[in-house]
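Me: Got the file open. Can you walk me through some of the packing and pairing here?

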Amino acid sequence: MTETVVALVVNELVQLIVHESNLLTGVHQEVVDIKDELESIQGFLKDVDKGDLQDGVKMWVKQVREAAYHIEDVIDEYVLHVAQLSKIQDIKISIREIKERSERYGFSFSKQGSSNYAANVAWHDPRAGALFIEEDEVVGIESSRDELVSWLVGEASKRSVMSVVGMGGIGKTTLAKKVYENESVKGHFDCRVWITVSQSCNVQKILMSMIDQIYQAKETTLEQVDMIDEITLITQLRKYLQQKRYVVFFDDVWKTKFWEIVKHALPYNGRGSRIIITTRSDLIGAFCKESFSDQVHKLQPLSQDKAWELFCKKAFWSEFQGCCPKELVKMSMDIVRKCEGLPLAIVSIGGLLSTKEKVPLEWKKLHDNLNSELEFNPHLTKITKILSLSYDDLPCYLESCYLYFGIFPEDYSITGVRLLWLWVAEGFIKGKKGKTLEDVVEESFIVKFFRKFKLLKVLDFEDALIDFLPQEVEHIALKGRLEKLPNWIPELQNLSTLLLFFTSLEEDPLSCVQVLPNLNTLSLNHAYDGEQLHFENGGFRILKKLTLRGLKRLKMVEIDKGSLPILEQLDIGPCSQMKEVPSGFLHLKSLKILDFYEMQVEFVLCMLPDGGQDFWKVKKVTTIHVMYRIKRERYQIYKLNESDLLERLQESVLEE
């Protein structure tokens with residue numbers, strides 16, 4: 001954070017030097033000197049902002065930060081012609097004293113602004129525990145594990161790459177390690193290599209580590225190749241691996257440059273060799289996909305059920321037979337929801353609670369003070385450390401933008417256009433030669449924002465004109481009247497969620513979105529004014545949840561055989577013009593949950609098990625709910641075979 005502040009101040013000093021040509025005699029050189037001193041400190045701050053600091057260094061960094069804020073104030077005063085030369089001279093002296101003080105703590109600066117501090121501080125990877133998780137502690141990665149194992153031992157002879165992509169703490173390393181240790185994988189390959197890469201990777205050391213693992217049963221050792229250059233190491237690896245079916249795991253890759261070099265050590269030998277890469281970056285996942293046989297596996301957060309299972313396993317492992325006591329269920333479920341399916345958070349918080357007395361008072365203490373516990377409790381600080389690695393990887397100008405979100409209250413709805421101009425006002429977005437500030441804003445926001453801000457979940461585009469969105473977009477919610485769906489929606493190949501609210505489309509939107517390869521959730525809520533929806537054969541191949549709410553003119557839903565093959569949940573209603581159950585429901589072989597809201601009485605009567613003429617269309621669905629509002633407030637939920645439902649329908653008939 002301090003490095004970001006200093007960078008902004010340096011930029012303001014540059015602008016002052018360039019634009020204030022009438023600087024008082026002597027002031028110009030003083031400002032240049034201050035800028036030079038801060039630039040020499042700036043690179044060092046990039047290192048220390050990422051690490052655990054000794055008390056003396058912490059104090060020094062605090063002084064730098066306060067000096068930077070003071071400089072910013074004086075610059076503002078000077079521009080307003082109220083600052084005196086003596087103030088600027090005082091700042092220059094102060095900065096030099098701060099720099100001289102750094103020598104007492106044993107670190108120094110090079111001309112490029114880098115330091116020797118980071119190299120002297122011992123760093124312990126907080127993710128190391130993920131390599132040693134016992135099998136019975138693993139929850140929610142079983143299907144991904146089986147998918148990766150199947151891919152590894154498959155019959156394809158071409159050397160292939162699988163990139164496992166997901167945010168920090170989601171379980172990439174745990175998944176990869178369990179796959180690496182799988183007995184089928186061990187038996188299938190002639191040699192296996194596991195490499196932890198990390199942000200500060202040294203390619204030469206990694207190549208040597210690969211050789212060390214490959215040659216562990218031979219006479220050649222790591223010490224014998226210690227002084228060999230990269231080209232020789234790559235040549236030696238290629239020579240050995242050329243005749244082997246090998247598998248190499250590169251865990252925690254941060255830079256595309258790493259793969260550009262190391263891939264040359266892994267020959268295409270036609271023996272079914274495999275490489276697995278774990279990374280937080282979608283960009284790296286796409287970069288490593290160099291052929292049709294290469295794949296990207298996007299790791300998702302745990303479902304609520306799996307998150308709860310993992311939490312109980314950690315919090316109550318030694319008592320209550322792994323089950324949560326009734327009096328703790330509500331608070332526990334709220335804690336789990338706050339973890340948002342992130343295994344790292346669930347395991348850490350569950351582990352902490354396992355040491356507490358299992359009484360509501362203890363649970364409430366953590367529930368009500370979770371933010372402070374994350375910062376100060378030694379059991380939980382690793383969550384922040386691991387997640388902050390993504391922040392540390394951001395370039396300086398994006399760190400400023402990200403930190404700016406801290407001024408908004410929790411759950412505040414942020415309007416995109418307003419946010420952009422606030423960034424401009426703060427100086428986070430600068431003009432470029434030959435481009436208007438508006439053009440720069442659009443470039444910075446639409447492209448860089450989506451590529452870099454992987455931690456941002458929701459951005460409000462209210463009142464913004466949007467001609468395109470980048471391929472990285474996965475979730476879209478559109479609210480408000482539209483003549484037709486935007487023509488850029490079919491281009492979003494990564495789109496997984498599309499929610500339409502009150503769009504009142506006149507054209508059937510299904511033909512526009514049915515071919516999206518990754519769409520798994522579609523909601524039309526007061527979104528379509530037509531009388532018919534047609535789900536065509538071959539459409540919506542991976543859609544799992546479909547919502548059709550408030551389609552008042554809809555009379556018919558036609559579902560072809562071969563459409564919606566894995567649909568699991570369907571919500572319908574109210575649709576006052578729909579009089580009969582669509583016969584196409586028979587084709588929905590994977591449908592498990594069917595919820596009807598405020599449907600007409602005759603429609604529901606046709607579905608009843610006893611004598612309903614349309615019951616045969618829905619009888620294979622596992623769970624069917626019929627819902628009606630009580631006094632225009634909450635919904636009363638009925639099951640199809642309940643006598644209460646029949647009574648409710650009869651009352652409705654009498655009321656009519």
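This is a predicted model: local features need pLDDT of at least 70, side-chain atom pairs count only at pLDDT 80 or more; totals for chains, interfaces and linings use all residues.

Me: Which residue in β7 is the bridge partner of I476?

Reply: L498 is the β7 residue bridged to I476.

Me: What order do the strands of that sheet come in?

Reply: The order is β6-β7-β8-β10-β12-β13-β14-β15, which makes 8 strands in an open sheet with mixed pairing.

Me: And which strands stand at the edges?

Reply: β6 (475–479) and β15 (635–639) do. Each has a single partner strand, so one side of each has no neighbour in the sheet.

Me: What does the twist average from one strand to the next?

Reply: The average is 10°.

Me: Switching to helices. At what angle do the axes of α14 and α16 cross?

Reply: Roughly 20°, with the axes of α14 (residues 326–339) and α16 (residues 360–368) coming within 10 Å. Angles under 35 degrees count as roughly parallel, so α14 is roughly parallel to α16.

Me: Left-handed or right-handed crossing?

Reply: α14 passes α16 in a left-handed crossing.

Me: Which residues make the contact?

Reply: From α14, E327, L328, M331, S332, D334, I335 and K338. From α16, P360, W363, K364, L366 and H367.

Me: How do the residues of that contact divide into nonpolar, polar and charged?

Reply: The contact of α14 with α16 has 6 nonpolar, 2 polar and 4 charged residues.

Key
Residues are numbered from 1 along each chain as its sequence is written. Side-chain values use heavy atoms; hydrogens and water are left out. Axes are lines fitted to C-alpha atoms, for helices over the stretch in contact, and angles run from 0 to 180 degrees between N-to-C directions. Helices (H or I, at least four residues) and strands (E, at least two) are DSSP runs, numbered from the N terminus. Angles under 35 degrees count as roughly parallel, over 145 as roughly antiparallel, 65 to 115 as roughly perpendicular and the rest as oblique. A crossing is left-handed if the near helix is turned anticlockwise from the far one by less than a right angle, and right-handed if clockwise. Contact means heavy atoms within 4.5 Å. Ala, Val, Leu, Ile, Met, Phe, Trp, Tyr, Cys and Pro count as nonpolar, Asp, Glu, Lys and Arg as charged, and the others, Gly among them, as polar. Two strands pair if DSSP finds at least two bridges between them.
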